[in-house]
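User: I am new to this structure. Please take me through one part of it closely.

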Amino acid sequence: MTQHFHNIKIECGFSECISHETFREPSNGYLINDKCVFGVDVSVIKNQGFGERVSLFNEFNSYYKHEWMISEFSKLENTVRSEEFTIGDYKWKLCLYPTGDGSQNGHSISIFLESVDAKGFDFRKRVLAIFCITVKDQISGAHSKSIDYLDWFSAPVDNWGWSAFMPLHEFNNSNKGYLVEDCCIVEAHVSVIGEVNGLA
């Protein structure tokens, strides 16, 4: 078992190594004539320590809006992505599944915010974003559907969003104004509020 020692963690071990009953049973050979022997094999691995720099930005009230107009919605069959847009020195895209992804296929529209840059991040790099995605009611605005979220974007997880953003029967309801003349409008309000970078 590998253990990491540093100036905060100077000892490592096991709180439950062996039960008293097993230890004291003569046939097991751990305790002979009221004596026992302890030993340890130690191999020192090259120090692989690293540091991280966490930066938080004062932009909680500074959202940047991107509007995405999707025409000929009924002709979409697979995933569709918006054009790139830049917020906080990072590139982003919206990703939409017109009939739902995964278990929501045939039940909901699915929408995600995707970090274009994240696939090129190293294993320590992360970006924290708070975002709100809205499908607009183009008739009155009264039924616009919005959901917001906050999370870290990284190389392993480069997108966040909702598989069940809105049921298809609701989205296709002509009285709600989500789909007008086969056009849908999706808005993203995004603010980059923090990042983590590795220290050399």
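User: How many residues does the largest nonpolar core have, and which of them have the most contacts inside it?

Analyst: This is a predicted model, where local features need pLDDT of at least 70, side-chain atom pairs count only at pLDDT 80 or more, and totals for chains, interfaces and linings use all residues. Residues are numbered from 1 along each chain as its sequence is written, and side-chain values use heavy atoms, with hydrogens and water left out.

The largest nonpolar core has 32 residues. Trp-92, Leu-113, Ile-133, Val-135 and Val-186 have the most contacts inside it. Such a core is a set of buried Ala, Val, Leu, Ile, Met, Phe, Trp, Tyr and Cys residues joined through side-chain atoms within 4.5 Å. Buried means under 20% relative accessible area (1.4 Å probe, protein chains only).

Helices (H or I, at least four residues) and strands (E, at least two) are DSSP runs, numbered from the N terminus.

Now take Val-135. Leaving out residues up to four places away in sequence, Val-135 touches Ile-109, Ile-111, Ser-144, Lys-145, Phe-165, Met-166, Phe-171, Tyr-178, Cys-184, Ile-185 and Val-186. A contact means heavy atoms within 4.5 Å.

Step back to the chain. It comes to 2 helices and 10 strands. From the N terminus, the order is α-β-β-β-β-β-β-β-β-β-α-β. Of its 200 residues, 32% are buried. Among contacts between residues at least 6 apart in sequence, 64% join residues at least 24 apart.

Technical notes
Buried means under 20% relative accessible area, exposed over 50%, partly exposed in between (1.4 Å probe, protein chains only).
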